[in-house]
Amino acid sequence: MQILVLTLFPEMFAAFWSHGMLRKAIEQGSVTAAALNIRGFAADRHQVTDDRPYGGGSGMVMKPEPLAAAIRAAKGRAPDARTVLMSPQGRVFSQALARELSELPGMILICGRYEGVDDRLSRDLIADEVSIGDYVLTGGEVPAMAVIDAVTRLIPGVLGGEDSAERDSFSNGLLEHPHYTRPPVFEGAEVPGVLLTGHHRNIERWRLEASLLRTCINRPDLLRERELSPEEAEILRRWHADLGKLLEKAESC
Ligand code: 4HQ
């Protein structure tokens with residue numbers, strides 16, 4: 001996948017792509033990544049990229065001409081890439097959207113600053129708008145990094161053939177089960193015994209039950225939206241029966 005980022009702060013991305021899985025993906029050739037400075041596409045001597053808002057008010061707006069020139073230059077370098085503006089008005093980012101984007105040949109991520117970009121830009125130069133959530137940031141750079149991180153780990157070959165991307169929270173609509181490593185006792189807290197038995201069938205069942213319990217407690221909204229597997233339904237029915245018995249006892253109190 002070809003990734004181009006348009007930003008006023010390209011230096012923010014240097015550390016981002018030189019670490020971890022993204023660095024490996026780039027070395028491996030599965031991903032190419034570059035950040036282009038929007039300022040370099042401003043035509044005037046002072047390379048101005050912002051201006052005062054029509055209609056008045058506080059803050060500045062990103063001028064359309066440098067951004068349009070930057071997007072056209074990026075499209076020249078990555079003709080098949082989708083242009084995506086990072087914006088609170090965009091489609092809310094999710095694992096499903098990450099998967100959709102991971103199937104593209106490329107992404108041109110446009111990062112605004114100040115109050116945002118001149119709205120006339122969105123006409124034909126911007127194919128998609130993505131928000132990483134309902135909170136206000138100072139720029140699109142952190143959202144672009146979140147999108148790149150979530151998307152690149154789904155590109156075939158990037159995770160190194162492991163199945164962890166598939167099992168992660170949200171790829172199956174449930175939160176992940178808890179994880180443990182050595183030592184077996186940490187500050188008095190033990191690792192659940194079943195995980196030390198080597199009984200894979202029991203371990204899988206324990207993990208599924210732990211996933212369901214976590215999701216039930218922390219994110220019941222996820223559980224409501226989800227279609228249960230027969231095994232999951234069976235676990236919920238058992239909880240229901242166990243709670244029913246406890247209630248019967250409570251009612252006689
Ligand atoms: N922005 N998800 C960039 C965001 C945002 C978000 C506010 C985008 C500032 C200039 N972007 N403008 N949330 O808060 O994507």
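Guide: Let's zoom in on arginine 91 and aspartate 128, whose side chains meet in a salt bridge, 2.8 Å from N to O. By salt bridge I mean a side-chain nitrogen of Lys or Arg within 4 Å of a carboxyl oxygen of Asp or Glu. Side chains of opposite charge can pair when their charged atoms come close. Before going on, keep in mind that this is a predicted model: local features need pLDDT of at least 70, side-chain atom pairs count only at pLDDT 80 or more, and totals for chains, interfaces and linings use all residues. Numbering runs from 1 along each chain as its sequence is written, and side-chain values use heavy atoms, with hydrogens and water left out.

Back to our pair. Arginine 91 sits in strand S5 and aspartate 128 in strand S7, so this contact ties together parts that are 37 residues apart in sequence. Helices (H or I, at least four residues) and strands (E, at least two) are DSSP runs, numbered from the N terminus. Buried here means under 20% relative accessible area, exposed means over 50%, and partly exposed is in between (1.4 Å probe, protein chains only).

The whole structure has 16 salt bridges. One of the others joins glutamate 234 and arginine 205, with the closest N and O atoms 3.7 Å apart. Glutamate 234 belongs to helix H9 (residues 230-251) and arginine 205 to helix H7 (residues 200-218), so that pair links parts 29 residues apart in sequence. Both ends are partly exposed, glutamate 234 at 40% and arginine 205 at 28%.

S5 pairs with S6 in the parallel sense over four bridges, and two strands count as paired if DSSP finds at least two bridges between them. In that pairing, leucine 85 stands opposite isoleucine 110 in S6. S6 also pairs with strand S1 (residues 2-7), again parallel, over five bridges, with leucine 109 of S6 as the bridge partner of valine 5. Five of the five residues of S6 (residues 106-110) are buried, so the strand is largely enclosed by the rest of the structure. In a regular strand the side chains alternate between the two faces of the sheet. In S6 both faces are covered: Gly106, Ile108 and Ile110 are buried on one side, and Met107 and Leu109 on the other.

S5 (82-92) and S7 (128-131) each supply at least two residues of its lining, and S5 gives the largest share, five residues. A pocket is an open set of points on a 1 Å grid over the protein atoms alone, where a 1.4 Å probe fits, with protein on both sides within 12 Å along at least five of seven lines; lining residues have an atom within 4 Å of a point. This pocket has a volume of about 500 Å³, a volume being the space filled by probe spheres set on grid points joined across faces, edges and corners. Of its 26 lining residues, Met86, Ser87, Pro88, Glu115 and Gly116 are closest to the centre. The lining divides into 11 nonpolar, 10 polar and five charged residues. Ala, Val, Leu, Ile, Met, Phe, Trp, Tyr, Cys and Pro count as nonpolar, Asp, Glu, Lys and Arg as charged, and the others, Gly among them, as polar.

For contrast, the second largest pocket has a volume of about 340 Å³ and a lining of three nonpolar, four polar and six charged residues. Among its 13 lining residues, Ser94, Gln95, Phe170, Gly173 and Leu222 lie nearest the centre.
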